[in-house]
Structures are given as structure tokens and as C-alpha cells.
Amino acid sequence: MSYYDVDAILTDAEKVPCQFELDVPHLGHLDNASSSGLKRGTSVSLPLWLAEMLALASAAGEDGARAPLALNLPSCLSEQVLNALRADPRAVALRDQSLHFYGIGTRMLDLFDERELGAVLRRTFVVRAGDVGLHARTTAAAEHHVGGGGGGGGGSHGHGHEFLRGLDEWERSLFRKSHEGVKAAQEWMENVKKM
């Protein structure tokens, strides 16, 4: 991950559910219902970067002190979503769950010992990556047959747009790279045939 990676920055800004384990004075602005401090047991949604720091921190100067808050899995990784992905990874529009679904998932795997979550994410990516590659190839081939322009693949353009709508940012990046690779290979083959 690069310091200047926009997707990583946006992933860090995603809100995740947390619950404070200690009374924390002067942070009532994090919870709109509180005017002064946060009481133990208060649930809030915080940006991932802040929640991670607080979950991994311990109260200063105390031996065996616990972290100020407990971090929970976000709703995009809820049991309902994971069950749907187990049933059919292709049937879930990941972008509707989170723009940075895999980014959030990998960050949660760094924080939680969730082997099942890792297995579901891995299988989902592998299955969906095959579909992404197939769509990239067929879209590039359709553009090539139309004349190489950016006009899309005629009747398949609407279906391709619907397919892209459900992809998270990792999958969209994979699609763009695959599409550009197929187009470059087609151009190379045409140049070889002309020689």
C-alpha cells in the first residue's frame, strides 16, 4: 500500500462500528446524543483509521489496561452478507456493500483472527476475478469488432455497464487492467499480421 494510494485513504475513512470500553471525557462530539463525555458501553461509528488506533491502544501508565474501545466487524462483512457470498459470490453487488469491500475485508483480517472471513473473501475474489477477466476480454473484443473505438460493444454495452456497477474498486481496477491488456494484445497481433 502506498502512502498516496487514494483507495487506501478512502478505505481508512470508511466508518466501522465500535463500542467504548471505558468512560472517555471530552469526546461527546463523537456521539451526537452526548454533550460531554462518552460513557462505557456507548456505541459509535468511527473512521477505520481512528477506530483501529483506539482499539490497539491501552490506557497510558496502567499495567494490564484494556483498550478504550472494542472494534466490531462492519455491516458490509455481516453474517448475512457472508452467507450470501458463500452461496454465490456472483450474486452480491459488492459495491452496494462498500466501495472498498476487499480493502475493508483485508484490514479487518489484520485486526481479527477470522479464518472463515478470510476463506470467504478469498473464494469471492477468485470466483469474481474470473468473471471480471471474461467481461474485460469480451468487451475489448466487441470494441475491436466495432472498429476499435470507445463506443462499446453494441447490444452488450448495457449488460457490461450493469456488470461494472456491482464491482468494488479492486475489481474495477482489475477490469481496467485486463481490458487494457486485451486491447494491447489485439493491437500487437494486428501489427504482427501487417508485417
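This is a predicted model: local features need pLDDT of at least 70, side-chain atom pairs count only at pLDDT 80 or more; totals for chains, interfaces and linings use all residues.
**Stop one: Met 108.** Select Met 108, which lies in helix 5 (residues 101-111). Next, display its surroundings. Leaving aside residues up to four places away in sequence, Met 108 touches Val 16, Leu 48, Leu 71, Asn 72, Leu 73, Pro 74, Leu 77 and Leu 117.

**Stop two: the second largest pocket.** Select Arg 90, Ala 91, Val 92, Ala 93, Arg 128, Asp 131, Val 132, Glu 162, Phe 163, Arg 165, Gly 166 and Leu 167, which line the second largest pocket. Helix 6 (115-146) and helix 7 (156-165) are the elements that give two or more residues to this lining. The pocket has a volume of about 200 Å³. Colouring the lining by class shows six nonpolar, five charged and one polar residue.

**Stop three: helix 8.** Select residues 169-194, the 26 residues of helix 8. From first C-alpha to last, helix 8 reaches 38 Å, close to the 38 Å expected at 1.5 Å a residue. At its start, select Asp 168 and Trp 170: a side-chain oxygen of Asp 168 reaches to within 3.2 Å of the backbone nitrogen of Trp 170. Finally, highlight Glu 169, Glu 171, Ser 173, Phe 175, His 179 and Gln 186, the buried residues of helix 8.

Technical notes:
Residues are numbered from 1 along each chain as its sequence is written. Side-chain values use heavy atoms; hydrogens and water are left out. On a 1 Å grid over the protein atoms alone, a cavity is a set of points where a 1.4 Å probe fits but cannot get out, and a pocket is an open set with protein on both sides within 12 Å along at least five of seven lines; lining residues have an atom within 4 Å of a point. Grid points are joined across faces, edges and corners, and a volume is the space filled by probe spheres set on the points. Helices (H or I, at least four residues) and strands (E, at least two) are DSSP runs, numbered from the N terminus. Ala, Val, Leu, Ile, Met, Phe, Trp, Tyr, Cys and Pro count as nonpolar, Asp, Glu, Lys and Arg as charged, and the others, Gly among them, as polar. The expected span of a helix is 1.5 Å times one less than its number of residues. Buried means under 20% relative accessible area, exposed over 50%, partly exposed in between (1.4 Å probe, protein chains only). A polar contact is a pair of N or O atoms within 3.5 Å; within protein, one must be able to donate a hydrogen and the other to accept it, and residues adjacent in sequence count only if both atoms are side-chain atoms. Contact means heavy atoms within 4.5 Å.
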